[in-house]
Amino acid sequence: MREKSQVEEVGRSLYDFRKEEKDAYRVGAGLTPAIVEQISREKKDPPWMTLFRLQSLQIYDSMSMPDWGPSIEGLDMDHIVTYVRPNTKMSAKWSEVPEDIKDTFERLGIPQAERKSLAGVGAQYDSELVYHNLQEEVAAQGVIYTDLESAMHGPYAKMIQSHFMKLVPPSDHKFAALHGAVWSGGSFVYVPPHVSVTIPLQSYFRLNAPGAGQFEHTLIIVDEGADLHFIEGCSAPKYNVANLHAGCVELFVGKNAHLRYSTIENWSKNMYNLNTKRALVEEGGTMEWVSGSFGSHVSYLYPMTILKGRKARMEFTGITFAGKGQDLDTGAKVVHSAPETSSYINTKSISKDGGASTFRSSLVIQEGAEHSKAAVSCQSLMLDDISRSDTIPAMDIRTGDADVGHEARIGRISDDAVFYLMSRGISEEDARAMIVSGFADNVSKELPLEYAVEMNNLIRLEMKGSIG
Amino acid sequence: MSASLLKTEQLNVSVEGKHILYDVDMTIREGETHVLMGPNGAGKSTLGYTLMGGPRYHVDSGRILLEGRDITESPADQRARDGLFLSFQEPLEVPGLSLQDFLRSALEQRTGKRLRFTDFYKKLKAAMEVLHLDPSYSVRDLNVGFSGGEKKKIEILQLLLFQPKLAILDETDSGLDVDAVRLVSDGVRAYQKDHKGALLIITHSTRILESLHVDQTHVMVEGHMVADGDGSMVDEINENGYESYVERAIREGAVRS
């Protein structure tokens with residue numbers, strides 16, 4: 001028999017670290033109107049928001065848990081502390097951020113990103129935005145990038161009220177209702193007409209307290225003819241208590257505007273990631289999604305795009321990597337509701353060590369959306385015999401002249417390709433990692449360099465010990 | 001006489017339970033060029049893949065020695081780092097892995113040292129020039145969308161960069177046009193000359209051999225080595241074919257009729 005290298009467990013130490021809790025404040029574990037009011041008071045919500053939260057809680061109580069998709073039985077909402085605020089106030093200066101929090105951020109590479117003159121960094125520690133910085137030149141263009149809480153009291157209060165949870169109403173599903181009731185933190189971005197933000201805006205989210213859920217809300221409005229690239233990067237330390245992430249992202253893409261929304265999610269392997277993301281695209285506008293899902297125990301994630309105006313278009317590029325103990329149900333949804341709209345969904349999924357990856361897509365071409373074009377492509381790679389990969393595409397086409405394409409492929413790593421690389425002196429582990437990275441290459445090409453590097457590192461990390 | 005580089009001792013090999021190679025003995029010394037000829041299906045490629053450690057090739061008995069060390073059970077990457085190289089008959093495609101990333105990673109793993117990109121690129125460009133390969137190929141995905149001839153040139157490109165002690169060329173000349181054969185031969189000659197590298201050339205044509213000095217010729221029929229000779233044997237086979245070798249093998253009882 002041939003000797004093969006074996007690594008016991010994936011070395012996630014880079015990502016799995018936590019700080020001692022020094023919470024200034026913590027609400028009770030269960031969820032009641034009193035708690036929601038308490039959150040609202042603490043957030044200094046305007047009255048409409050307090051009402052919105054309470055209505056959302058009612059909807060939450062009246063809705064049942066989803067009866068499809070991966071099991072979320074491990075979630076016990078009565079024991080999830082929904083709101084944890086770190087020991088710090090909003091800070092615009094790095095030097096004012098407390099040391100232990102800074103340490104966490106440094107390990108996440110935020111200062112490096114800063115040094116690379118990125119446009120603005122809003123980093124979320126637990127449920128609060130603690131560090132926020134927007135480059136002056138971007139602000140000078142009239143671009144607003146701030147936390148949602150303070151924006152509700154500023155000159156954009158009306159804009160927020162007329163957009164907040166209009167794309168994802170609390171009645172959408174139980175976790176959208178929960179989000180409406182307890183949301184906390186997140187970003188607000190407004191790009192005025194015809195302004196091109198040339199450097200990407202980024203935001204990091206991170207969960208740190210055991211049992212704490214994170215319910216950040218991202219609201220982005222890109223006005224007519226404007227252009228923005230927003231990057232959301234997530235990672236969380238590992239805990240034994242079930243963690244829940246039920247964030248919400250609402251994106252409004254104006255006439256002839258362009259928005260690219262990139263995400264790398266690397267939640268710890270006990271996280272329930274029930275995130276809802278949705279975009280509305282006006283005439284001639286373009287929405288581009290780039291989505292990498294690596295972590296979490298269970299994910300339900302299907303960014304949705306509504307192509308509302310004529311010639312609106314969207315492109316979704318996604319990758320999902322499901323390892324041991326992970327059940328990742330991901331995909332994309334698109335609704336064509338105007339003529340000459342086009343969409344392209346291109347996803348890759350990788351499963352290994354018994355991980356399950358499900359691709360779920362929904363394509364709707366409504367009546368009246370004549371001459372629309374849509375293509376869905378999904379490719380899956382299974383790295384062993386105990387992993388799962390499923391494809392569940394749904395299509396509802398109500399026009400006679402739609403141009404629709406669909407392609408699905410499920411494959412394995414070719415032993416011959418591994419041998420070919422090994423015969424050049426490359427170790428078996430690296431050969432496999434190179435083939436998997438290559439498989440993911442069309443996604444990493446869509447990411448800014450440092451994120452592409454991070455994604456490749458994540459793939460390498462995940463591939464470690466995959467040779468039994 | 002120089003030292004033995006590669007030696008097989010009574011090598012018996014099966015593929016998916018089927019016995020393919022019978023008691024193969026072969027010795028290649030440093031810097032020598034050997035040619036392995038034989039009719040289709042004789043087991044020539046099986047020998048090549050077995051020497052390299054292909055996963056489907058099972059050594060039932062016998063040994064493979066590289067510089068006196070038993071490598072029969074070594075994984076392919078170890079053999080490669082020990083100085084073996086196999087030019088594949090059908091090189092594999094790896095989508096998303098660029099040729100230059102692949103070559104640089106391989107070089108770094110072979111030496112165990114980091115290689116600065118500028119140093120690497122200099123080497124790469126020089127080797128590509130020998131083979132008249134356009135530099136733009138270096139950023140393309142490994143072998144993806146390459147023609148048969150281009151893939152073979154990429155194999156020889158690797159030969160030039162990796163500088164192995166022994167290169168096994170499996171039908172590297174098949175399916176190539178005259179110009180491509182000439183360029184591949186140029187590459188192989190550069191390897192012989194600059195690195196004093198040894199060669200085991202598996203072929204059933206002789207085109208690639210025309211410009212090379214051959215030290216020894218082996219003829220394989222149905223998994224048996226039936227004849228050894230010097231370089232002139234290539235010309236003889238070229239003229240008369242394998243028939244006499246097959247007949248002789250049957251007569252001697254080595255091969256079933």
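This is a predicted model: local features need pLDDT of at least 70, side-chain atom pairs count only at pLDDT 80 or more; totals for chains, interfaces and linings use all residues.
Local features need pLDDT of at least 70, side-chain atom pairs count only at pLDDT 80 or more, and totals for chains, interfaces and linings use all residues. Residues are numbered from 1 along each chain as its sequence is written, and chains are lettered from A in the order in which they are written.

In the model, 23 residues of chain B are in contact with 21 residues of chain A (contact: C-beta atoms, placed from the backbone, within 7 Å). Helices H2 (76–82), H3 (99–111) and H5 (148–162) and strand S7 (94–98) of chain B each give two or more residues to this side. Helices (H or I, at least four residues) and strands (E, at least two) are DSSP runs, numbered from the N terminus.

H5(B) has 15 residues. Its end-to-end C-alpha reach is 21 Å, close to the 21 Å expected at 1.5 Å a residue (1.5 Å times one less than the number of residues). H5(B) is mostly covered, with 11 of its 15 residues buried (20 or more other C-beta atoms within 10 Å of a residue's own, placed from the backbone). Among them are B:Ile154, B:Leu157 and B:Phe162. The cover includes strands S6 (84–87) and S9 (166–170) and helices H3, H4 (117–130) and H6 (178–195) of chain B. B:Gln163 follows H5(B) and has a positive phi, near 45 degrees.

In chain A, A:Leu458 lies in helix H12 (residues 449–463). A:Leu458 counts as buried because it has 21 C-beta neighbours inside 10 Å. Leaving aside neighbours within four places in sequence, A:Leu458 is in contact with A:Asn266 and A:Phe294.

Note on methods: Two residues are in contact if their C-beta atoms, placed from the backbone, lie within 7 Å. A residue is buried if 20 or more other C-beta atoms lie within 10 Å of its own, exposed if 12 or fewer, and partly exposed in between; C-beta atoms are placed from the backbone.
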